[in-house]
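Load the model and keep the sequence beside it.

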Amino acid sequence: MIAAAAQPWSRPPQGVDHVVEGWLAEGSVRECLALERLLPEAGARWSELPPALDAGLARALRARGIERLYTHQAEAVGAALASRHVVVATPTASGKSLCFHLPVLDALARDPTASALFVYPTKALARDQEHALHALARESGHEIPALVVDGDTPGDARRAARERGRIVLTNPDMLHAGILPNHARWASFFQGLRYVVLDELHVYRGVFGSHLAHVLARLRRVAAFHAGAEPPGAPPRPVFLSATATIGNPLEHAARLLGVPEREVSLVAESGAPRAARRLLVYNPPVVNAELGLRASTLKRAVALTADLVRARVPTLLFAQSRNSVEVMLKYLRAEVGAVAGPGALQGYRGGYLPETRRAIERGLREGEILCVVATNALELGIDIGDLDAVVLAGYPGSVAGAWQRFGRAGRRGTSSIALLVCSSEPTDQYVASDPEWLVRESAEEARIDPSNAEILLQHLKCACFEAPIVLEAAPPRVTAAAPPPRGEAWLGLDAASTRDALQYLAGHGLVHERGDRWYWSGEAFPASHVSLRNIGWDNFVIVDEGSGTALAELDWRAAHTMLHEQAIYQHDAATFQVERLDYENHKAYVRRVEPDYFTTALTYRTVEVIEPQGERALAAPGGRAAPRVGLGDVKVEEKVTGYKKIRFFTHENAGYGDVHLPEMQMHTVSFWLTLPEALVAEVGVPRAAVVEGLRGLGWVLEAVASVALMCDPRDLGRTLGDGSSDDPGAPPPGRDWFAGRTGRESPTLFLFDQHPGGVGLAPRIYERAEELLARAATIITGCGCAHGCPACVGPGAAGSLHKAGARALVAALGLGGGARAAPVAATAARL
C-alpha cells in the first residue's frame, strides 16, 4: 500500500485526494482496481417554507440559516400537513428528519391535546432524535416534552411519559410488549395521537417487518379504541410519516407495513438535497492460488487500505460482515497504525457491546476524537456520528441498497469522499467485481414482508385479543354456501370470515372465547412477552469476566452457540478472552483474559425434514432422460454446532480443531428443493460421488444467483444438501444412507430455504423461477475458466476433485450447459 513518510519527523500528506492519488500511482493497488469512478456533485433544489407552517418553527429554521427547504422536504411537509400518509425515499444525509419534525411540532404547537409517537428500530436512534426534537422545539419557543421510552427507561420516567409526554420515542419491541398491552395507562396519549413516525423503513423487512405490520395494526386499533368513532370523510388518525433509504419498492413496502392501499400514501422520492463528489472504487484482491481460484484475504487487504486512510488522518468507517471480523480487523489495524492514530482513535462497534460503550464511541466520532471505527451494520443506520470522509466495505454487503446505505455515511459535510468496496472470493462479490458498473446501474432491491405468515399472524391476533376484544358478528346456527359473510373486524390481510376461522382455531386451544359478538382473551399468559419481533430470545447471554467479576458484553441466543461455546476465543475491543464455562440454563458465559495466537470459528451442520409439501413438479428433461424434480414446502431445519476451528492471527493458518457439545437449534420455515431421481443419477455418465459433488457445487452457485435475482440479502437464504450436509464443515462424512433419514428421500436433494422462522416468501419465488435460476447458474458454471472449482463458481476444489467436473456433467445432463460445450465436460468428469 502507500509508503510511509521518508523521515520520522516528516508529516505525511493528509486528505482523501492524497490517498486516492497514491493508490492510483501504486501498481499493486491500481492493477486490482476493477472500478475507479468519480461520481460528480449535484446542486441543491429549493422550495419556500410552507406558508401555513407555525411561525415559531419558521423563526427557528431561519435562526439556523434555513431560509428555504429542499424540494423533497417541502413536498413531504405539505403532504403531512394535509393529513396524508407519507413515505420519503431519498438518499442518506438528504435531511429526511425535518420531513417529519416540522409537521409534528406544527400540529402539537397548535393543539395542546395532540401527541405523536416516533418509532425507531434501535434505542440509539431514538435517543439521537430526542436531542434533535428538544432543540428544535426549544428554539421555536414551544414547551413540548419529548421522552424516550425503552427497556433502559426507569419507572419514574415512564410514568412521566404516560402522564405528560406529548412526544414519545420508542422502538418496535417496547411498543409491542410494553406500551400496547398496557394501553389503558396511556389513554390520554392515545386519545390525542395525531402522527406516528417510522424512520429507517428499509430495516423492516423479512420477519422483523412482517411482525411490525401486525404491531402497527394493533397500534391503529388501540388508537381507534381511545379516540372513538371518526365522522365520515375525516382524515386518518393517526397519520403515518415514514422515511427510508433507497429501496426498489418504497410505496408498496410502506403501504403493506401500514395496512392501507397504496393510493392513500404519498411517495416523495426525488431528492432536492445537494450531493458532494464521491470517488467510488471497487478493489478485487489479487489471485494467490490460481488452481483454486483463491484471492488474497479480504480482511487483510481492507485493513491495509484503511491504514492508508488513517495515516492521512481521513475519518473512516470500515464495515465488516460479522462480529468476529470486526474484532480481527480491529486487532490488525491497531497493530499496523495504532501508534500513528493515537490512543483510543481506533475503535470497534458491533452488537454485543454494552450500551454505554456504544454511546461513548458514537460521541467520540461526533466530536472528532475517534479517527476510525470498525463496525458491523449496527452503524449502517442514521445515528449521528459526525463527519466522515471515507467508507470501506470488507466484502459486498449482499444488496445494492445496503452498499449505498453504508457508503452514504461519508461525505455529509459537503466535501469529497471515498466509497471503497474490497471484494471477497464469494460468487456475489466476484459478480460485482466482474461488472462493477452494476453497483451504479442497478436499482436498489425491494424490501419484502409477509404479514400473512400464519405463525406471525396468530401470535399477534392473540396479542390483539388481550388488548381489546375483537368484535365479530355471531356465527349463524347453520352456515350455508349462500350465507352472507360475518360483519365486524377483519384482521390484517384476512377478511371477516377468515378472521373468525383463526379465532376459532385459538379457541380450540383454550386461548380465546366468544361471548356474543366479541372474542376475549382467556389464556393465563401475557401473550406479547412470548413473541419476539426479531426472532431472538428475550434473554441474551451475559458474558462475565472472571478476572473482574463484571459483565463484559451480551450476545443473543443464536450467536451464543457459535461464539460462546466452551474453549471459544471471544474477542472484545481487540482483546481476547477464552470461554471457560457456559452456563446454558442461566444464560451466562464466564471468560478469562488470554493472549493466544489464534481465534476460533464454529463448525456447524444442518439437517432438513420435509413436514408438508406445498407443490412439486418435474423439470423438462432432454433426450428422454429421467426428469429432475423441484418442490416447495414447509420444513424443519435443525442446526447444531459440532466443533470449532482454530485460525492463527495474521497468517490465517489452520491451527487445529476442538469439539463442542451444545443442544441443536430448530427452525420451521419454507424451503425449495431440487431432487435428482436415481435413474437420472445413473444417466449422468459419471460416478455417483461426482454427481453428489456436482449437486453441491450447483447449490453453491444457485444460492448466489438466487440472491441477486430476487434482490435479497444472501444471509436470508440457507443451503444444505440431503438430510445432513457436508457443505457444513461440522457434518459427518457422507455414507451410503446420507440422503435417507427423516426426509424420506434417498435421492440426492438440494435445499434452499428461508433463513427466518415461517419463511418470508423467498423459497416460493425460487420455486416459481426454478428453470430461469438454474439456467443462470449453469451459465456461470460452464463459463468459468477454472479447472477444479473456485469461489466464483462452484466453490474451491482441489486438483483431482470431482467438484467442478461433477457440476459440469450434471449441468449437461439437465440440458442447461449449452450443448456442444457440455459434452466434453461430461467426458472429462467421467475420466476423473
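Begin at Val 196, which stands opposite Phe 240 in strand β9. The model is predicted: local features need pLDDT of at least 70, side-chain atom pairs count only at pLDDT 80 or more, and totals for chains, interfaces and linings use all residues. Residues are numbered from 1 along each chain as its sequence is written, and side-chain values use heavy atoms, with hydrogens and water left out.

Strand β9 covers residues 239-244, and its pairing with β8 is parallel, over four bridges. Strands here are DSSP runs of E, at least two residues, and helices are runs of H or I, at least four residues, numbered from the N terminus. Two strands pair if DSSP finds at least two bridges between them.

β8 has another partner to look at. Strand β5 (residues 115-119) runs parallel to β8, joined by five bridges. There, Val 119 stands opposite Leu 198 of β8.

How enclosed is strand β8? Five of its six residues (193-198) are buried, so the rest of the structure largely encloses it. Buried means under 20% relative accessible area, exposed over 50%, and partly exposed in between, with a 1.4 Å probe and protein chains only.

Now follow the chain. β8, helix α10 (residues 206-227) and β9 make a right-handed β-α-β unit. Right-handed means that, with the strands pointing away from the viewer, the path from the first strand over the helix to the second runs clockwise.

Move to helix α14, residues 355-366. At 1.5 Å a residue, its 12 residues should span 16 Å, and its end C-alpha atoms are 17 Å apart, which agrees. The expected span is 1.5 Å times one less than the number of residues. Ile 361, Glu 362, Gly 364 and Leu 365 are buried in α14. Seen down the axis, the buried residues fall within an arc of 160 degrees, so they line one face of the helix. That arc is taken from the directions from the helix axis to the C-beta atoms. Their cover includes α6 (123-139), β15 (346-349) and β16 (372-375). After α14 comes Gly 368, with a positive phi near 80 degrees.

Glu 445 lies between α17 (438-441) and α18 (454-467). Glu 445 counts as buried because its relative accessibility is 6%. Glu 445 is 263 residues from Val 708 in sequence, but their C-alpha atoms are 9.1 Å apart.

Finally, zoom out. The protein has 26 helices and 32 strands. Of its 832 residues, 56% count as buried.

Methods. Contact means heavy atoms within 4.5 Å.
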